[in-house]
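Let us look at how a protein surface and its inner spaces can be described, one question at a time. Please keep the sequence and the structure in view as you read.

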Amino acid sequence: MGHHNIRFDGDTHALSGAWSPPTSRANFCEEDYAFTFYLAEFINSISNIAYVYLALRYMYGPGSRGILAPRWDFMSVSLLVLGIGSFLFHASLRSITEFADEFSMLGLTWSMLQASLTVRQSPAKARLISIGLAVIFTAFSAFYLQSPQIIYQVIAFASGILAVILRSQYVFHLIQPAFPKAKSRDWNARTWKGIFTCLAGYLLWNIDLQYCAELRALRHQLGLPWAWLFELHGWWHILTAIGADQFMNVAREVLIEVGEEKKKR
């Protein structure tokens, strides 16, 4: 089960769009060029606004010094890049933009791993961790370009997310000296809320894959705009954007707390 072994080809307008023919390895349940000549998958494209909006909300929220001086960090940049990369992929269904989408997903994981693994590390060790993650990401990218089977990217992405979850649980429950209990409980609850939000998105994506024929029939019966509510891969984008943003906010609060600890020493 998964988009690495399920593909939907042969849509009515697939060969008459602006970026036709599709050359990507993955092709989703949303019908190609069904709504506009310019976007291969309309909802799967515009739903990436969620990533862009949440990234910009942080960059231009409290602490921003104006449009030319946003407040940014690796996590917010990776979320913005994912929104752009995923939009370009679903808009075009071209192989080169598919790589942009896949690598930007891994970049998001990389940023969250870096934020969680460097908590309470010395500057020297934090640099080593950051360099190590960069080497791993670069090495995997080189490997994946040579052997571009989607299952490899899926395994890498899932492994990275699992590592983020395990590290967050260590930080909240086992790290010594422990963080204040009230803050740890709050961070943990919000982290799990983000995780379950992402899992809900993943469930909807897989329903979209497994029951595509039934969903397409339902969409045709409903007509626009209600049919768009049942483009379930778009909900994956929205829910993972919300879940990732939830984790990032927690990670930033943890880093602020670490900074406050250093000031008290």
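A surface patch is built here from residues with over 30% relative accessible area and no salt bridge, and nonpolar side chains are joined within 5 Å. The model is a predicted one.

Q: Is Leu222 buried, partly exposed or exposed?
A: Leu222 is found in helix H8, which covers residues 212–222, and together with Trp226, Leu229, Phe230 and Trp235 it makes a nonpolar surface patch of about 480 Å². Buried means under 20% relative accessible area and exposed means over 50%, with partly exposed in between. Because its relative accessibility is 38%, Leu222 counts as partly exposed.

Q: Which elements give two or more residues to the lining of the largest cavity?
A: The search of the whole structure finds 1 cavity of 30 Å³ or more, and the largest cavity has a volume of about 80 Å³. Its lining includes Ala115, Arg167 and Phe247. The elements that give two or more residues to this lining are helix H4 (95–117), helix H6 (150–173) and helix H9 (232–264).

Q: How many residues of the lining of the largest pocket are nonpolar, polar and charged?
A: The largest pocket holds about 840 Å³ of space, and among its 42 lining residues Phe157, Ile161, Tyr202, Trp236 and Thr240 lie nearest its centre. Helix H3 (74–92), H4, H6, helix H7 (181–210) and H9 each supply at least two residues of the lining. Divided by kind, the lining residues of this pocket are 25 nonpolar, 14 polar and 3 charged.

Note on methods
Residues are numbered from 1 along each chain as its sequence is written. This is a predicted model: local features need pLDDT of at least 70, side-chain atom pairs count only at pLDDT 80 or more; totals for chains, interfaces and linings use all residues. Side-chain values use heavy atoms; hydrogens and water are left out. Patches are made of residues with over 30% relative accessible area and no salt bridge: like charges are joined within 9 Å, nonpolar side chains (Val, Leu, Ile, Met, Phe, Trp, Tyr) within 5 Å. Accessible areas come from the Shrake-Rupley method with a 1.4 Å probe; for residues, only the protein chains shown count as cover. A salt bridge is a side-chain nitrogen of Lys or Arg within 4 Å of a carboxyl oxygen of Asp or Glu. Helices (H or I, at least four residues) and strands (E, at least two) are DSSP runs, numbered from the N terminus. Buried means under 20% relative accessible area, exposed over 50%, partly exposed in between (1.4 Å probe, protein chains only). On a 1 Å grid over the protein atoms alone, a cavity is a set of points where a 1.4 Å probe fits but cannot get out, and a pocket is an open set with protein on both sides within 12 Å along at least five of seven lines; lining residues have an atom within 4 Å of a point. Grid points are joined across faces, edges and corners, and a volume is the space filled by probe spheres set on the points. Ala, Val, Leu, Ile, Met, Phe, Trp, Tyr, Cys and Pro count as nonpolar, Asp, Glu, Lys and Arg as charged, and the others, Gly among them, as polar.
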